[in-house]
Amino acid sequence: MPGSDELYPPAQYGWGWMLLAIGILLLLVAAAWLVILLTRPRRAAAVTEPQGPLPATADVLSQLRTEYLDRIQQIETDYRERRLTPRNANLELSRVVRTFVNEYSGLEAPVLALDDLKARGVHPALIDALGRHYYPSIFRQGPAIDPVAGAEAARTVVRTWH
């Protein structure tokens with residue numbers, strides 16, 4: 001009856017709500033553990049002693065030059081055997097020369113435009129190869145420049161890069 005002075009017991013929550021709260025807490029703990037696990041520094045791998053003397057820097061650079069000269073020769077051969085169009089051959093030569101410069105000196109040549117390379121004052125052979133052979137072949141309308149001349153320019157870059 002309205003107005004009676006009886007006391008009502010407090011409302012009781014069901015077990016489902018308690019399980020949901022515990023589940024959320026466990027999920028938060030698991031997420032924190034996962035973040036810690038994924039962001040901690042990795043253990044260094046066991047370093048083994050090399051089985052002989054390390055090659056001299058000059059030997060490594062000579063081997064790098066030889067490897068890239070072989071790649072350039074392969075591109076020229078593919079062009080001569082009509083497996084590459086002149087435009088694609090020049091595109092590949094540009095990519096190979098830029099990658100060589102990057103591996104040899106650390107210069108980010110594969111992602112720098114010609115103007116950026118000029119501003120950095122890179123070796124003139126690279127500027128010449130890009131400006132005279134690769135850029136006109138890749139970006140202008142009309143026939144591409146002869147990739148054989150582009151291959152020779154690429155060889156000059158690889159041989160003379162400091």
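Analyst: Glutamate 76 is buried, at 8% relative accessibility. Buried here means under 20% relative accessible area, exposed means over 50%, and partly exposed lies in between (1.4 Å probe, protein chains only). The model is a predicted one: local features need pLDDT of at least 70, side-chain atom pairs count only at pLDDT 80 or more, and totals for chains, interfaces and linings use all residues. Residues are numbered from 1 along each chain as its sequence is written, and side-chain values use heavy atoms, leaving out hydrogens and water.

Glutamate 76 pairs with arginine 80 in a salt bridge, with the closest N and O atoms 2.8 Å apart. The term requires a side-chain nitrogen of Lys or Arg within 4 Å of a carboxyl oxygen of Asp or Glu. Side chains of opposite charge can pair when their charged atoms come close. Both residues sit in helix H2 (residues 57–80), four residues apart, so about one helical turn separates them. Helices are DSSP runs of H or I with at least four residues, strands are E runs of at least two, and both are numbered from the N terminus. Arginine 80 is exposed, at 54%.

Next, arginine 83. Its relative accessibility is 51%, so arginine 83 counts as exposed. Arginine 83 forms a salt bridge with aspartate 78, at 2.6 Å between the closest N and O atoms. Aspartate 78 is buried, with a relative accessible area of 17%. Arginine 83 also bridges to glutamate 81, again with the closest N and O atoms 2.6 Å apart. Glutamate 81 is partly exposed, at 47%. Elsewhere, shared partners link Glu76, Arg80, Glu152, Arg155 and Arg159 into one salt-bridge network. The structure holds nine salt bridges.

Now the helix packing. H3 (residues 86–105) packs against H5 (residues 124–139) at about 150°, with axes 9 Å apart. Axes are lines fitted to C-alpha atoms, for helices over the stretch in contact, and angles run from 0 to 180 degrees between N-to-C directions. The two helices are therefore roughly antiparallel. That label applies over 145 degrees; under 35 is roughly parallel, 65 to 115 roughly perpendicular, and the rest oblique.

On the H3 side, the contact includes Arg87, Leu91, Val97 and Arg98. On the H5 side, Leu130, His133 and Tyr134 are among them. Contact means heavy atoms within 4.5 Å. The contact residues divide into nine nonpolar, four polar and two charged. Ala, Val, Leu, Ile, Met, Phe, Trp, Tyr, Cys and Pro count as nonpolar, Asp, Glu, Lys and Arg as charged, and the others, including Gly, as polar.
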